[in-house]
Amino acid sequence: MFKNIIFDFDGTIANSKKCSLIATKKAFGEYGLEEPSDEQIEYYMGIPIEKSFNLMSSVDLNEKELKQLIRLFRENYKEVEEAHLNSYDGMLNQLETLHKKAKLFVVSSKKTEVLKRNLKILKVDHLFLEIIGSDKVKNYKPSPDGILYILNKYNLNKTETIYIGDAIFDIQMAKNAGVSSCAVTWGSHSEENLKLENPDFIINSVKQTNFER
């Protein structure tokens, strides 16, 4: 059993796909841009919107335009999160069980403030020693900055640490940080695509989160 377990949030702990789809499409539409497809939005959920919105936009956005689009998205997301943000079935029980055995953390592409609010909505915020959002790192996923921040701050052993996520960016980040990786198949990226990144573990059910070495 790993002593230190770092989780991604969207698509791993929380099913936030509907929130992201609604908020993204509405923001793009309100700003007069072509709405990205469901597939585009879901694929890029693993990286910060500061990066993904430009990748999804059919036109190049300057800094001011991107900031305005992000503001619209965050306003829309906050409006729908209470109704549409859910943890995956069995996740609360699994996190409570793991909390008794290991130090738990979250490293996400969300802003820390939003991440904390979302974890509180799901009533799991108290289970994590620290929560790291995109505003706490210099470089976004798949850069290892978020994981390295935790390793250094808490003086953790890399061999005793694992990162769990649903996207190829998560597996790449774990590898770049030199820690073990676990891909979950209930999130945004397919098992086929995740396997191409050669994660140390692949799990298909929340109840399988008893990864043993």
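1. Start with the open space. The largest pocket holds about 410 Å³. This is a predicted model, and the pocket is computed from it. The lining counts 25 residues. Nearest the centre of the pocket lie Ile49, Phe73, Arg74, Tyr77 and Lys110.

2. Which elements give two or more residues to that lining? They are α1 (17–30), α3 (49–56), α4 (63–84) and α6 (112–121). By residue class, the lining of the largest pocket splits into 11 nonpolar, five polar and nine charged.

3. Searching the whole structure for cavities of 30 Å³ or more turns up one. The volume of the largest cavity is about 80 Å³. Fourteen residues line this cavity, and Val107, Ser108, Val137, Tyr140 and Lys141 are the closest to its centre. The lining of the largest cavity comprises six nonpolar residues, seven polar and one charged.

4. Next, strand β7 (residues 180–184). Is this strand enclosed or open? Five of its five residues are buried, so β7 is largely enclosed by the rest of the structure. Buried here means under 20% relative accessible area. In a regular strand, side chains alternate between the two faces of the sheet. Both faces of β7 are covered. On one side sit Ser180, Cys182 and Val184; on the other, Ser181 and Ala183; all are buried.

5. What runs alongside β7? Strand β6 (residues 161–165) is parallel to β7 and joined to it by four bridges. In this pairing, Gly165 stands opposite Ala183. Strand β8 (residues 201–203) also pairs with β7 in the parallel sense, over three bridges. There, Val184 stands opposite Ile203.

6. How is the β-α-β unit made up, and what is its hand? The unit consists of β6, helix α8 (residues 168–177) and β7, and it is right-handed.

How values were computed: Residues numbered from 1 in each chain as written. Predicted model: local features only at pLDDT ≥ 70, side-chain atom pairs only at ≥ 80, totals over all residues. Heavy atoms only, no water. Buried < 20%, exposed > 50% of the residue type's maximum accessible area, 1.4 Å probe, protein only. Pairing = 2+ DSSP bridges. Right-handed = clockwise from strand over helix to strand, strands pointing away. 1 Å grid on protein atoms, 1.4 Å probe; cavity = no way out; pocket = protein on both sides within 12 Å on 5 of 7 lines; lining within 4 Å. Points joined across faces, edges and corners; volume = space filled by probe spheres on them. Nonpolar A, V, L, I, M, F, W, Y, C, P; charged D, E, K, R; others polar.
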